[in-house]
Amino acid sequence: MYEIKVERTEDGHYIATNDRGARIELSGNGEGPNFSPVELLLVAVAGCNIVTTEPLTAQRGHRMTKLVASATSEKIERNKLGPVTLSYAVELPADDADAAKVFHDVAERVEERHCTVSRSLREGTPVNLELDGI
């Protein structure tokens, strides 16, 4: 089970924590240096994919020299995102003729089948609201 908590602090900031002690401050309005909730959703997509793709390509003997995942999206309605685009900037290892094909195959398979975040967005995971004691 995954669980995080987001709490408004006395000074009006928002702090997200997990049960392992990690903390991240959120920007409530998308301003300032902190990630907004929408940006964190994009971080989750790019992060889930890269942390799964990179070790799998390396296990197959094809560690990319440089690997950067980016996720982008635009609002299509006031409170709704359009499609998320996941892209990679890749520098292939020198003298590795198979690296591009292996990376492509692994990255595609990870996005389609193994990244929990991508699959959940694509398949429309429901959000259940519970208002305790109200």
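**Figure 1. Residue classes in the lining of the largest pocket of this predicted model.**

**Figure 2. Strands and helices around the largest pocket.** Here you can follow the elements that build the lining. On the strand side, strand 1 (4–8), strand 2 (14–18) and strand 3 each give at least two residues to the lining of the largest pocket. Helix 1 and helix 3 (116–123) likewise each supply at least two.

**Figure 3. The second largest pocket.** This pocket holds about 210 Å³ of space. Its lining includes Leu41, Val45 and Asn49, together with Leu81, Gly82, Pro83, Val84 and Leu86. Glu111, Ser118, Leu121 and Arg122 also belong to the lining of the second largest pocket. Sorted by class, this lining has 7 nonpolar, 3 polar and 2 charged residues. Helix 1 and helix 3 each contribute at least two residues to the lining of the second largest pocket.

**Figure 4. Ser27 and its surroundings.** Look for Ser27 in the loop that runs between strand 3 (23–26) and helix 1 (37–59). Ser27 has a relative accessible area of 5%, so this residue counts as buried, the cut-off being under 20%. Beyond its neighbours within four places in sequence, Ser27 is in contact with Asn34, Phe35, Ser36 and Pro37.

Methods
Residues are numbered from 1 along each chain as its sequence is written. This is a predicted model: local features need pLDDT of at least 70, side-chain atom pairs count only at pLDDT 80 or more; totals for chains, interfaces and linings use all residues. Side-chain values use heavy atoms; hydrogens and water are left out. Helices (H or I, at least four residues) and strands (E, at least two) are DSSP runs, numbered from the N terminus. Buried means under 20% relative accessible area, exposed over 50%, partly exposed in between (1.4 Å probe, protein chains only). Contact means heavy atoms within 4.5 Å. Ala, Val, Leu, Ile, Met, Phe, Trp, Tyr, Cys and Pro count as nonpolar, Asp, Glu, Lys and Arg as charged, and the others, Gly among them, as polar. On a 1 Å grid over the protein atoms alone, a cavity is a set of points where a 1.4 Å probe fits but cannot get out, and a pocket is an open set with protein on both sides within 12 Å along at least five of seven lines; lining residues have an atom within 4 Å of a point. Grid points are joined across faces, edges and corners, and a volume is the space filled by probe spheres set on the points.
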